Amino acid sequence: MIPVAQADQGFDWSFHGPKLVESLGETLYMVGATLVIGGALGLVLGLGLYTTRRGGLLANRGVFAVLNLLVNVFRPIPFLILLMVIAPLTVTLLGTRLGSTAMVVAMSFAATFGVSRIVEQNLVAIDPGVIEAARATGATRWRIITTLLVPEALGPLILGYTFVFVAVVDMSALASIIDGGGLGAFALDYGYKRWNFAVVWITVVVIILLVQAAQAIGNRLSRRVMHR
Amino acid sequence: MSPIIELDEVTKVFDAPSGPVRAVDGISLTVEHGEVFGVIGYSGAGKSTLVRLINGLERATSGRLVVDGDDVTTLSERELELKRRHIGMIFQQFNLFASRTVAGNVAFPLKVAGWPRAERDRRVAELLDFVGLLSRAHDHPSQLSGGQKQRVGIARALAARPSILLADECTSALDPQTTQDVLRLLRKVNTELGVTIVVITHELDVVRSIADRVAVLEHGRLAELGTVFDVFTKPRAEVSRRFVSTVLHDRPRAADLDRLRRHHEGRIVTADVLDGSTLGAVLGSASELGVAFEIVYGGIGTLQDRSFGSLTLALQGDDPSVDHLITRLRQVTTVEEVR
């Protein structure tokens, strides 16, 4: 499967280079798709947790208890285990458990619950007086939830999602080991399995640069939207 | 004048871990169309809860509360939302939307009320001009001073042309100068726009500056209700007296009295000074009676264009003559002998 003769030691740009680029593309695809799907579902779930909690806009003890339990059940499952648990669902949805797209299912599932807590935490920090002021204008709760809550917490939310980005990169590497592609698989197959640490280290550098870039963009965006 | 807000035995009970708390306890009062109505009380007196009952942010536990023709205690949440468009509210901490510009804050209630874009823009400009912040329309609230933030709060509260404005401790976070500016603006809102204002405060100075009538609250109950002048000059409830003493230092306190007694011989009396009380004429006759007097404490101010205050006098002479003078004083004003 893997051409053994070629470039077993050191980083050969002509051989490893294109594979590295391809793996980076797969990682970005998995991470991006997870952030979009898990990010959106996590936002909805986080809004649900925040609005149904005691004193919330839609305070409802029963609904909150169910949502809270759901998050508490799924969030602590180690991702590696979750990958196995989710596999049958992935096969049902996509017909396969292999490849980057298949990994996105498990990653989005895990990200949803992580994101929901981050969203909840940042929304809780909104001054209740601001929400009261909106209610006093006659705004419906739906309008407040859809047009006010996210903008008011946007700066911290962006930082929260940046944090999630790093966690999802971590997940994608783990997913690589099981059945996926991406930088994790690249480092594993061409680096670790052949004891070629030049490949491992270059992968590490690429991931560090990726994370640094994401954090820099996150910091800048959040500063721009925060009017403090 | 006709009532715009009527409270009839309104009670609000909160469930606290330590047991039920009667935050508002059987309050009945009416606010007339076009007046500035003050509600004063110490923190925990229930005044913030009271004002939130009026726009339904809190639901009354019992009683009837009619606002502009509707009993808000019986309205559904949807009906309340529509009702609130006619009731503006401003807050101690301004509670502006940090994510929106000044113009965006003022536009919010108009979006809620479904105003079309063009009319909304026109109304926002008109309001920002009214509060003197047209040039700051595109700034964010964080770029404004406290007084400017409250002006934005007022513009936002007035956006959808409400008939009532609820002001909850709206000057408590401001310095004295800015407080006066904001109160002047509220005066203008009342006189030029005809908006009925309910002012919640723990500062009697605020009530004195703009209110026509005042309700004094203590432990959720109505301790006293009357015109600002009456409550100021003839406070009946102990809590009202304490409030008056915070702004008007015309009456000697216990420590002052001790000092006065040490330094002055004879008897000490405090006489109220109001418009038309002819204290001077009576005192002019003191020497005829063989009584010497000294003014040892006091203060006279104006309230709603009328004078009020008191003077404390040390009277020296033989007892029957001093009694005679006190009798004459009592014919023109209220006199309290403090020794």
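Modeller: Let us begin with the word pocket: on a 1 Å grid over the protein atoms alone, a pocket is an open set of points where a 1.4 Å probe fits, with protein on both sides within 12 Å along at least five of seven lines, and its lining residues have an atom within 4 Å of a point. This is a predicted model, in which local features need pLDDT of at least 70 and side-chain atom pairs count only at pLDDT 80 or more, while totals for chains, interfaces and linings use all residues. Residues are numbered from 1 along each chain as its sequence is written, chains are lettered from A in the order in which they are written, and side-chain values use heavy atoms, with hydrogens and water left out.

Colleague: Which residues lie nearest the centre of the largest pocket, and how many line it?

Modeller: By that rule 20 residues line the largest pocket, and Gly55(A), Gly56(A), Leu57(A), Arg135(A) and Glu58(B) lie nearest its centre. Its volume, the space filled by probe spheres set on grid points that are joined across faces, edges and corners, is about 680 Å³.

Colleague: What makes up the largest share of this lining?

Modeller: Helix H5 of chain A, residues 128-136, gives that share with 4 residues; a helix here is a DSSP run (H or I, at least four residues), numbered from the N terminus.

Colleague: How do you know which residues belong to the contact between the chains, and how many does each chain give?

Modeller: Contact means heavy atoms within 4.5 Å, and on that basis chain B gives 24 residues and chain A gives 20 residues.

Colleague: What is the area buried between chain B and chain A?

Modeller: The size of an interface is often given as the accessible area lost when the parts come together. Buried area is that loss, with a 1.4 Å probe, summed over both parts, and here the value is about 2,000 Å², of which carbon and sulfur atoms give 55%. Leu57(B), Glu81(B) and Phe108(B) supply 23% of the area that chain B buries against chain A, more than any other three residues.

Key
Helices (H or I, at least four residues) and strands (E, at least two) are DSSP runs, numbered from the N terminus. Buried area is the accessible area (1.4 Å probe) that two parts lose on being put together, summed over both.
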